[in-house]
Amino acid sequence: MKQTALKFLVCPTCKDELDLHARVQHGAEIVEGSLSCRECGARYPVLRGIPRFVGRDAYASSFGRQWNWFRTVQLDSFNGTHESEQTLEATTGWQDDDYSGRFVLDAGVGAGRFAAIVAKKGGEVIGIDLTTAVDAAYLNIGRQENVHLVQADIFAMPFRGGAFDLAYSIGVLHHTPDPRGAFGHVAAAVKQGGGFAVYLYAAYGPSHSCSDLIRKITTRLPLRMMLAIAAISIPLYSLYRVPGIGKVLQLLCPISLHPNWRWRWLDTFDWYTPRYQWKFRYPEVFRWFRANGFTDIEVFDDPIRMRGVRTGERA
Ligand SMILES: [Zn+2]
């Protein structure tokens, strides 16, 4: 972490300021040390360059393993594509100018695929994650001057309300025990006039019915076993591409059909392992935006992708 993170980090419990006690420092990076709250005295460790406000990753442990196993797969800078950049734009509608000099929250940063884009476009990005995925993100982008990574819970973030110009959460809130509540916490971190964009799984169509049943088993299996099982999607790709048969198989047992085999393996693992996987419809998410004081709500393709501008308070 950088000293500059103290301008936005506060105690998640009492929202008071934190004092930094650096033990090991490499250049601008405080690698080991702790943060202590001036008000309540709580101490939070800084380990491997990251301030840690949670001791365990609880319901989301699959993501900690996932992003350390598949650390670089979705990074545009590693795979030579613009896929993460395009996904970010498809979800937020924000253009390059929107990021420059802005303070941006990535709620559920994973291995940092979107935070990397925001940083490249000149935003100062704060990526939080409940899990050890932050360690993967740190290896990928953590030492960049305009990137901050924090291990924290969306439901108890170490920031003041209204601290961010922009916030986004792409493919994350549906993996929490209470997506609507999680949405409210991220929304509250956005300042008046600031933007918030989300991507959530959609409840439309029959495509998830079978996988919902399969997930009743796969979410209980050991993650290493699931890593091996998900690898079957690598060769199955050719069979799933056969017209007719492929469509039926995809309904019965959906796998990722991403042309990059590593990405396919990752996405299939990502579908079948998380404990929570909620799905939504546009009207419901629209109401969340409204209830949290957002207007100018826009709906994008490939549900559910929406954004809004905060112009009021939570109802
Ligand atoms: Zn405190």
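Visitor: What makes strand E7 (residues 147-151) largely enclosed by the rest of the structure?

Guide: Keep in mind that this is a predicted model. Buried means under 20% relative accessible area, and five of the five residues of E7 are buried, so the strand is largely enclosed.

Visitor: Which way do the E7 residues point?

Guide: Val147, Leu149 and Gln151 point one way, His148 and Val150 the other way, and all are buried.

Visitor: On to the metal. Why is the arrangement around the zinc ion called tetrahedral?

Guide: The protein donors are the SG atoms of Cys11, Cys14, Cys37 and Cys40, 2.2 to 2.4 Å from the zinc ion. For four donors, tetrahedral requires all angles to lie between 85 and 135 degrees; here they are 94 to 123°, so the label holds.

Visitor: What makes Cys11 and Cys40 a pair that ties parts together?

Guide: Cys11 lies in the segment before strand E1 (18-26) and Cys40 in the loop between strands E2 (29-37) and E3 (43-47), so they link parts 29 residues apart in sequence.

Visitor: Why does Cys11 count as buried, and what is Cys40?

Guide: Cys11 has 0% relative accessibility, so it is buried. Cys40, at 43%, is partly exposed, since that class lies between the 20% and 50% cut-offs.

Note on methods:
Residues numbered from 1 in each chain as written. Predicted model: local features only at pLDDT ≥ 70, side-chain atom pairs only at ≥ 80, totals over all residues. Heavy atoms only, no water. Buried < 20%, exposed > 50% of the residue type's maximum accessible area, 1.4 Å probe, protein only. Helix = DSSP H or I, 4+ residues; strand = E, 2+ residues; numbered from the N terminus. Donors = N, O, S within 2.8 Å, 3.2 Å for Na, K, Ca; no water. Tetrahedral: all angles 85-135°; square planar, octahedral: opposite > 155°, others 65-115°.
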